[in-house]
Amino acid sequence: MSVVVEPTPEPEVRSSTGKPPPARGVLAFDVGGTDMKAALLDDAGDLHALVRIPTPRDERHPGDAIVAKVAALTGEYRARFPDCSIESIGFVVPGLVDEDAGIGLMSANLGWRDYAFTENITRATGLPVAFGHDVSIAGEAEMRAGAGRGLRDVVMMVIGTGIAAAVFCDGRRVRAGGYAGEIGHAAVPGGFACPCGATGCLETVGSAGAITRRYSELSGSPVSGAKGVLEAARRGDPHAVQVWDDAVRALAFSICQLSAVLGTEAVILGGGLAQAGPALLDPLRERVKSGLSFHRVPHLTTSVLGQDAGLIGAGLRARDLVAGP
Ligand SMILES: [Zn+2]
């Protein structure tokens, strides 16, 4: 699977490079808290004309604003690829979702409650829709075409502003009505009060957002993201070293708990913090190993599909929808 696009935000629909327009494809949409991405996925697994735009927002009608944009973009893809048969749509969102019913139950950040995405997108575009949760579907994409290929017991952890996970046991994703995978809101030693209402949540220590916030609080100087904290830690800044070490310790605690309960064979790290690479993975491996005894010690690795995993997963889901048995 390859991505044949260039990463510039303008013009709104970008041209794919090199490859001829496909005769058949599906549209994939990944709605995030800040940006929304779309692309055409062909039968070979290539993404065409990937676009990234600010997520449309409407305080009173948040779901309708997104559906209107999906319909407009679908029209643009149809105009741009007139000879391509566009057969279905894959659409993923954050928050709590009911995948089977096609309903976005709740997004604290984007504002919808019990919104019927599948029904409304089908009405607006005339296309069948595969609907899912962004991190879960990103995890599915990693299992099918990325770092989890060939594995059965895997947790994909997406570490950014917060922390969410997709859990796979015996090759199947644990769905639990949309409630599985909320590892970011399970308590760890040394955790703090969390906006979710609980105290001690992993993401109050182990997320990129927490690393940035805690360093600024401790040192009294602002920092541009977890990357800046890591650079300060490399220079020997004691506050940065402490904050980074606390994050690694908290993440290792959660990974050990998951491994003991699920027998996880691999943990795939995605999201912004995973870009730290060995600076995160090496100390994390050491702590996870020392935190387990007779258990299966999971292989720690980073996402292969990166920030497009959700989009690719949405496209694969859309393809499943029309592929038949
Ligand atoms: Zn929480």
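In the predicted model, helices α4 and α6 meet through residues from both elements. On the α4 side the contact is made by Ile211, Arg214, Tyr215, Leu218 and Ser219. Their counterparts in α6 are His239, Ala240, Gln242, Val243, Trp244, Asp246 and Ala247. Two packed helices are described by the angle between their axes and the distance between the axes. For α4 and α6, the angle is about 145 degrees and the axes lie 9 Å apart. The crossing of α4 past α6 is right-handed.

Helix α6, which covers residues 238-262, also holds a salt bridge between Arg249 and Asp245, with the closest N and O atoms 2.9 Å apart. Because Arg249 and Asp245 are four residues apart in α6, about one helical turn separates them. Arg249 is partly exposed at 44% relative accessibility, and Asp245 is likewise partly exposed, with a relative accessible area of 29%. Elsewhere, salt bridges that share partners connect Glu99, Asp100, Glu140, Arg173, Arg175 and Arg317 in one network.

In total, the structure contains 17 salt bridges. One of them pairs Arg52 with Asp35, where the closest N and O atoms are 2.9 Å apart. This pair links distant parts of the chain, since Arg52 belongs to strand β3 (residues 47-54) and Asp35 to strand β2 (residues 35-42), 17 residues apart. Arg52 is partly exposed, at 29% relative accessibility, as is Asp35, at 27%.

A further salt bridge joins Arg123 to Glu119, and here the closest N and O atoms are 2.8 Å apart. Both residues lie in helix α2 (residues 117-125), four residues apart, so the separation is about one helical turn. With a relative accessible area of 59%, Arg123 is exposed, because the value is over 50%. Glu119 has a relative accessible area of 47% and is therefore partly exposed.

The model also includes a zinc ion, whose protein donors are His185 through ND1 and Cys194, Cys196 and Cys201 through SG. Along the sequence, the spacing of the donor residues is H-x8-C-x1-C-x4-C. His185 and Cys196 are eleven residues apart and link distant parts of the chain, both being placed in the loop between β11 (172-173) and α4 (208-219). The arrangement around the zinc ion is tetrahedral because the four donor atoms subtend angles of 106 to 118 degrees. Ideal angles for four tetrahedral donors at a metal are 109.5 degrees. As for accessibility, His185 is partly exposed with a relative accessible area of 31%, and Cys196 is partly exposed with 46%.

Asp134 is located in helix α3 (residues 134-145). The relative accessible area of Asp134 is 16%, so this residue is buried, the value being under 20%. Leaving aside residues up to four places away in sequence, Asp134 touches Asp30, Val31, Val92, Val93, Pro94 and Gly310. Phe29 and Asp134 are 105 residues apart along the chain, and their C-alpha atoms are separated by 9.9 Å.

Key. Residues numbered from 1 in each chain as written. Predicted model: local features only at pLDDT ≥ 70, side-chain atom pairs only at ≥ 80, totals over all residues. Heavy atoms only, no water. Donors = N, O, S within 2.8 Å, 3.2 Å for Na, K, Ca; no water. Tetrahedral: all angles 85-135°; square planar, octahedral: opposite > 155°, others 65-115°. Helix = DSSP H or I, 4+ residues; strand = E, 2+ residues; numbered from the N terminus. Buried < 20%, exposed > 50% of the residue type's maximum accessible area, 1.4 Å probe, protein only. Salt bridge = Lys/Arg side-chain N within 4 Å of Asp/Glu carboxyl O. Axes fitted to C-alpha atoms, helices over the stretch in contact; angles between N-to-C directions. Left-handed = near helix turned anticlockwise from the far one by under 90°. Contact = heavy atoms within 4.5 Å.
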